[in-house]
Amino acid sequence: MTVSQLCAPVASPATKTLTSYRPFWAKRFGVAPFLPMSRAEMDRLGWDSCDIIVVTGDAYVDHPSFGMAVIGRTLEAQGFRVGIIAQPDWNSPDAFRALGKPNLFFGVAAGNMDSMINRYTADRKIRSDDAYTPGNVGGKRPDRATLVYTQRCREAYKDVPVVIGGIEASLRRIAHYDYWQDKVRRSVLIDSKADLLIYGNAERAIIEVAHRLAQKKPIESITDVRGTAFMRHPDDPALAGWFEVDSTEVDRPGTVDALISPYQTIDETAAEQGGACAVAADAEPQGGVADDGSKPIMIVRQRLEKTGSRALATPRDHTVVRLPAYEQVRSDPVLYAHANRVLHLETNPGNARALVQRHGEGHTARDVWINPPPIPLAMAEMDHVFDLPYARAPHPAYADESGGHDGATKIPAWEMIRFSVNIMRGCFGGCTFCSITEHEGRIIQSRSEDSVIREIEEIRDKVKGFTGVVSDLGGPTANMYRIGCKSPQIEAACRKPSCVYPDVCSNLNTDHGPLIRMYRRARALKGVKKILIGSGLRYDLAIKSPEYIRELVTHHVGGYLKIAPEHTEGGPLSKMMKPGIGTYDRFKQLFEKFSEEAGKKQYLIPYFIAAHPGTSDEDMMNLALWLKRNGFRADQVQTFYPSPMATATAMYHSGRNPLKGISRDPARGETVDIVRGERRRRLHKAFLRYHDANNWPLLREALQAMGRADLIGNGKHHLIPTYQPMTDGSYSSARRKNSTPTPGRILTQHTGLPPRVTGSPARPAVKPKAASPVRAPSPVPKARKPR
C-alpha cells in the first residue's frame, strides 16, 4: 500500500436518511402507547394484523436502551404496525402465533445480551438469575435463542420471512469459535436457516428491508443492503460481476493490502514508506499550504495493477474477499485466526469490502455473503431514534399488584438504566476482549446536546420514582462523545483496530469541550440535583483534557469512580490493546488533585481481568503485588470470557496473535500463552483475590513452584500468610451479602478501601488464627458483559 493509497478518501455510497422514506400506509393508525403484546391490545389499537412482529429474549421495556423498543419504535415511525413477542415459551410454536401472521416478516433477536453469556458464567456454570427478566428469574430464554426462535417462527408460519439480528446474531455472522462447546460453529445464518441477518445497529438496514418487502419485493432479492448477510448457492447468477479476492492474499504483505500494524501510528506507517500522512484540518483542499506550513497529501489515482490477466487492485465496491471455508477454519486454528484478522480489517464503513465464506461441500454448499458495515447514523438521525415516543417503562403486563414495577416483577436491567441517558454509540478503543467494535463499530455516533437535554427533562417529568439524580450520561464509554478523526479522508481510509493504542492517534480529536458543556447544562436543569457518570471512563483520553477531569470529579462522581486498566503488566496489556499502568497513575494523580481542590474524598475503583490470553502466572503474581501495595481488595473478579468474534477469542482458540499477522512459521508469527483448564484459571482468579483465605493453599503451592516462596509470610511485604484459618473453600463476595443498601453505606466493587468516617469506635484487631470472617458464599460470580 502506498502513502497515497493509505490516505486516499473512500467515497461513502449515497445513503438515504432514516426520515426520507415515504411512510407506509398504516401510519394512519398513529402511535401505540406500548407496542402490543396481545391480540386484545391490537384490537384496542384498531389493528387487524401486524406488519412486523419482533421476537425477543428480553422482557419488553419500552426504553431506548432496549433493542426491541428501538427497532419497534423506529419501524413504527415509518408507518408499520409492530407487535412484540417477548420471552415466549419456546417448547411449541403456539406462543409465536399469539399476534397472528405478520404481513411482512418476523424479526428475531436473542435480546440485549448473547443468550449463552446471559445464561452461563465464564466458568460455564449456569447462572441462577437473568437481569432482563421480571423478578430476575433465570431460564426464561433458551440457549442459542436466535436458532430456537427462528425455528419456531418457521413452524408457526412457514411462508413468512425471518430476519435475525441483535448482538447474538451479529457476533456469529461468520464461522466462529464457540466457548461453550469448545469448537468452531457455522454461521448462525446457516444454522438458523433465516432469510436475512442484520448485524450491528440495525435501524438503517431494517428500514430499507421493511420498505422493500412492503413493495412486494422477494426477500431473496435483497442482497445490496449494507449491514446485512445472506445465503446463496455458489453458482447463483445474481451474484455475477464481482471481483473475488482470496483472503490469503489480503493477509500477505505487499500483494493487495499491506497490513497496518496496530502498534504504530498512521504517521509512523507512512514514514516507513517514505511519506507523511498528516492531513491538517485547515489545509487548503487544492494543494495549498496550511497555516503551519504543511502541505496536504495529493491523491494520485493509481493504475490498475495486473499480474498476467488477474487484477490485484480491484474496485472496492465490487470486490468480495473470500474467507477460508467453514470446513477449513473448523479444523485449522491458524486459518481461523487468519479469517478473524481479515474480518477485523474489513470493519471500517469507509473502505470495507464484502466478505464471503463457504459452508458445506458439493450440492449442499452455501456461501454466506456479508455486506460491508452500515454507514453510521448522523447526529440528526441519532436524535430521531432517541426522540421517538418511548413509554420509558416496562410493559404493563409486568406490573405488580400495585400496578408498578418495583415489586416481585422488578426487571433489574430496567432499574439499572431507569434514570440514565445514552448519549452516543460505538467505541474506537479496540480492546481485543470487547465486542462493541464488531457490533456497533469504532466510529462514534453522537446525539445532539438538545436531544440529550430533552430526554433528561422527560425523565424528570414522566418517570416514576425520579428523585433528581440522573444515574448516567454515557454509553459504551463515558467520554467519547463527539470525538473522532480530525480528517474524514483519513478516517475513511484507516484500517487500524484502535485509535488510542499504543498511544492516542495524532489524528484523533480529543476535545472534551462538548461533553463538558453538556454536563454543565444538564446539572443546571430545574429539578435535577445530581448528574452521575456510571459508564466506564477511558482514562487515556481523559488525561488529554484535564479540564474534563476537573469537571468530572468536582460534580459527577458519587464518591467512587470505576475505570478499567485491566492489568498492570505489558504482556497481557499488549494482547488487550490497553495502555500501560503508567497512564492510570497519571489519571489517578489528576483525579486526586481535583478531588482535593473540590474538598472531596473520592476513590478510584479499578477493574482487572484474570486469565486473559497472553497472561502468565508471573503476570498475575505481579498484579496481585500491585493490588496489595495500593491497598485494593477485589470483590468481584472478572475472568476472561471468550465471546464470539472477538480478537482475544481468536487468540484463545488458535494460540496465535492476529494483531501481528498470522503465519505457520513460529519465527514470523507470534504465539500466545493461553490460560486453559479449571485449575490455572482458578489460580489467576486467586491472585486477584489474594486476600481471600480460601485461595491461600492454591497460592502457596503456586508461589513455591514459581520459586517465589519469599512472598509467603506474615509481614507487610508478604503476599499471603503462612497460617491457614478454617474456611469452607468457596468463593465469597461481600457484594452479595450487602446487596440491600442501608443508610450511610455505599456499595462498591471492591473492599479494602479506606473506611468512611462514621464516628463509630474502631474495630478490635483480629487475631491471626481467627482471620477475617468468611463472607456469604457466591456460587455464581458475575462476569461483566462483553464490551
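These legends walk through several close-up views of one protein model.

The model is a predicted one, in which local features need pLDDT of at least 70 and side-chain atom pairs count only at pLDDT 80 or more, while totals for chains, interfaces and linings use all residues. Residues are numbered from 1 along each chain as its sequence is written, and side-chain values use heavy atoms, with hydrogens and water left out.

**View 1. The whole protein, as a starting point.** The protein has 27 helices and 27 strands. Helices (H or I, at least four residues) and strands (E, at least two) are DSSP runs, numbered from the N terminus. Of the 787 residues in the protein, 58% are buried. Here buried means under 20% relative accessible area, exposed means over 50%, and partly exposed lies in between, with a 1.4 Å probe and protein chains only. Among contacts (heavy atoms within 4.5 Å) between residues at least 6 apart in sequence, 76% join residues at least 24 apart.

View 2. Rings of Phe, Tyr and Trp (its six-membered ring) pair if their centres lie within 6.5 Å; planes under 30 degrees apart count as stacked, over 60 as edge-to-face and the rest as tilted. The protein has 25 aromatic pairs by this rule. One of them is the tilted pair of phenylalanine 419 and phenylalanine 466, with 5.6 Å from centre to centre and 55° between the planes. Phenylalanine 419 lies in the loop between α14 (412–417) and β17 (420–422), and phenylalanine 466 in the loop between α16 (449–462) and β20 (469–470), so the pair ties together parts that are 47 residues apart in sequence. Phenylalanine 419 is buried at 16% relative accessibility, and phenylalanine 466 is buried at 17%.

**View 3. A cluster of rings, and two arginines over tyrosines.** One aromatic cluster is formed by Tyr539, Tyr584, Phe587, Phe591, Phe608, Trp626 and Phe632. Elsewhere, look for charges over rings: a charge sits over a ring if NZ of Lys or CZ of Arg is within 6 Å of the ring centre and within 35 degrees of the ring normal. The charged end of arginine 173 sits over tyrosine 199, 3.9 Å from the ring centre. Over the face of tyrosine 652 lies arginine 676, at 4.4 Å from the ring centre.

**View 4. Helix α24 under cover.** Tyrosine 652 also belongs to the buried residues of α24. This helix spans residues 647–654, and eight of its eight residues are buried. The elements covering them include β6 (176–178), β7 (183–185), α12 (333–345), α15 (436–440), α21 (570–576) and α25 (678–688). After α24 comes glycine 655, with a positive phi near 75°.

**View 5. Helices α23 and α25 side by side.** Helix α23 (residues 617–629) packs with α25 at an angle of about 20°, their axes 8 Å apart. Axes are lines fitted to C-alpha atoms, for helices over the stretch in contact, and angles run from 0 to 180 degrees between N-to-C directions. The two helices are therefore roughly parallel; angles under 35 degrees count as roughly parallel, over 145 as roughly antiparallel, 65 to 115 as roughly perpendicular and the rest as oblique. The crossing of α23 past α25 is left-handed. A crossing is left-handed if the near helix is turned anticlockwise from the far one by less than a right angle, and right-handed if clockwise. Asp617, Met620, Met621, Leu623, Ala624 and Leu627 of α23 make the contact with Arg680, Leu683, His684, Phe687 and Leu688 of α25.

**View 6. Helices α16 and α18.** At about 30°, with axes 11 Å apart, α16 packs against helix α18 (residues 513–523). Here the crossing is right-handed. From α16, Glu449, Asp450, Val452, Ile453 and Ile456 meet Pro514, Arg517, Met518, Arg521 and Ala522 of α18.

View 7. Most residues other than glycine have a negative phi, and most peptide bonds are trans. Tyrosine 501 and proline 502 are joined by a cis peptide bond, with omega about 0°. Glutamine 87 is not a glycine, yet has a positive phi of about 45°; this glutamine is buried at 16% relative accessibility. Lysine 193 has a positive phi near 60°, and lysine 193 is exposed, with a relative accessible area of 54%. The loop holding lysine 193 runs between α7 (188–192) and β8 (196–198).
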